[in-house]
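Take a look at the model below. The paragraphs that follow walk through it, from the whole chain down to single pairs of side chains.

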Amino acid sequence: MFITGNTDHTWSKDLNIGSNLEILKDINNIKVELREENLFNMYSLESQIEKMENRKIWLKCGGFITIDRTEALTAIDVNTGKYTGKKDLEETIYKVNQEATIEIAKQLRLRDIGGIIIIDYIDMHIEGNKEAIENLLRNELRKDRAKTQVAGFTKLNLLEMTRKNMCNNDYYEE
């Protein structure tokens, strides 16, 4: 059983709802759902866990990103892969970079990647596209509880940023 409404809270049947009556008073349009569905299936958790284990992550558009973690930094590379686009090359590049930006922000949270992060986007020749990608990344990172700083694009067209780890993560091992 799930109880949801105009609130940030969702309760499952295992939670004592009586202890949360103060919060429940503020909910508008309460909706109770009885489901037999597995939570892993309901929220596509298995595919998210599978993505976390892979170095290469395919995007819906056919492009992909690769994430390489080292002791000093994390390098993320964006590639067009199978995606050829429909109109012009710059539009194709922008579309892949846009989709990659959303996935990168998601992967940073899922993998709890911290420290220096370098993102090698596909080279964009229109300055407005670079600014749009940088702004999109900043907006996507607002969903992250960890402190992040985006330094911007370098002369080599690499985006530099930092992110603080949320927990002690000893992922990198020699």
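**A walk through the chain**

The protein chain has an accessible surface of about 11500 Å². Carbon and sulfur atoms make up 48% of that surface. Keep in mind that this is a predicted model. The chain has 174 residues, and 35% of them count as buried.

Now follow the fold. Five helices and nine strands make up the protein chain. Starting at the N terminus, the elements come in the order β-β-α-β-α-α-β-β-β-α-β-α-β-β. How much of the contact pattern joins residues 24 or more positions apart? Among contacts with a separation of 6 or more, such pairs account for 54%.

Next, go inside. Nonpolar side chains tend to be buried together in soluble globular proteins. Here, the largest nonpolar core holds 25 residues. Val78, Ile104, Ile119, Tyr121 and Met161 have the most contacts inside this core. Which elements give two or more residues to the core? They are S5, strand S6 (73-79), H4, strand S7 (115-120), H5 and strand S9 (159-163). Helix H4 gives the largest share, with six residues.

Turn now to charge. Side chains of opposite charge can pair when their charged atoms come close. How many salt bridges does a search of the whole structure find? The search finds seven.

Begin with Arg55 and Asp68. They form a salt bridge, and their closest N and O atoms are 2.4 Å apart. Arg55 sits in the loop between helix H3 (45-53) and strand S4 (56-58), while Asp68 belongs to strand S5 (residues 64-69). The pair therefore ties together parts that are 13 residues apart in sequence. Asp68 has a relative accessibility of 28%, so it counts as partly exposed.

Move on to helix H4 (residues 89-111). Glu103 and Lys106 meet there in a salt bridge, at 3.9 Å from N to O. These two residues are three apart in the helix, which means that about one helical turn separates them. Is Glu103 buried or exposed? Glu103 is buried, with a relative accessible area of 6%. Lys106, by contrast, is partly exposed at 29%.

Helix H5 (residues 127-141) holds another pair. Lys130 forms a salt bridge with Glu127, with the closest N and O atoms 3.5 Å apart. Lys130 and Glu127 are three residues apart in H5, so about one helical turn lies between them. Lys130 is buried, with a relative accessible area of 12%. Glu127 is partly exposed, at 49% relative accessibility. Elsewhere, salt bridges that share partners join Asp112, Asp144 and Arg163 into one network.

End at helix H3, which contains Glu46. Glu46 counts as partly exposed because its relative accessibility is 49%. Which residues does Glu46 contact, leaving aside its neighbours within four places in sequence? They are Phe40 and Asn41.

Technical notes: Residues are numbered from 1 along each chain as its sequence is written. This is a predicted model: local features need pLDDT of at least 70, side-chain atom pairs count only at pLDDT 80 or more; totals for chains, interfaces and linings use all residues. Side-chain values use heavy atoms; hydrogens and water are left out. A salt bridge is a side-chain nitrogen of Lys or Arg within 4 Å of a carboxyl oxygen of Asp or Glu. Helices (H or I, at least four residues) and strands (E, at least two) are DSSP runs, numbered from the N terminus. Buried means under 20% relative accessible area, exposed over 50%, partly exposed in between (1.4 Å probe, protein chains only). Contact means heavy atoms within 4.5 Å. Accessible areas come from the Shrake-Rupley method with a 1.4 Å probe; for residues, only the protein chains shown count as cover. A nonpolar core is a set of buried Ala, Val, Leu, Ile, Met, Phe, Trp, Tyr and Cys residues joined through side-chain atoms within 4.5 Å.
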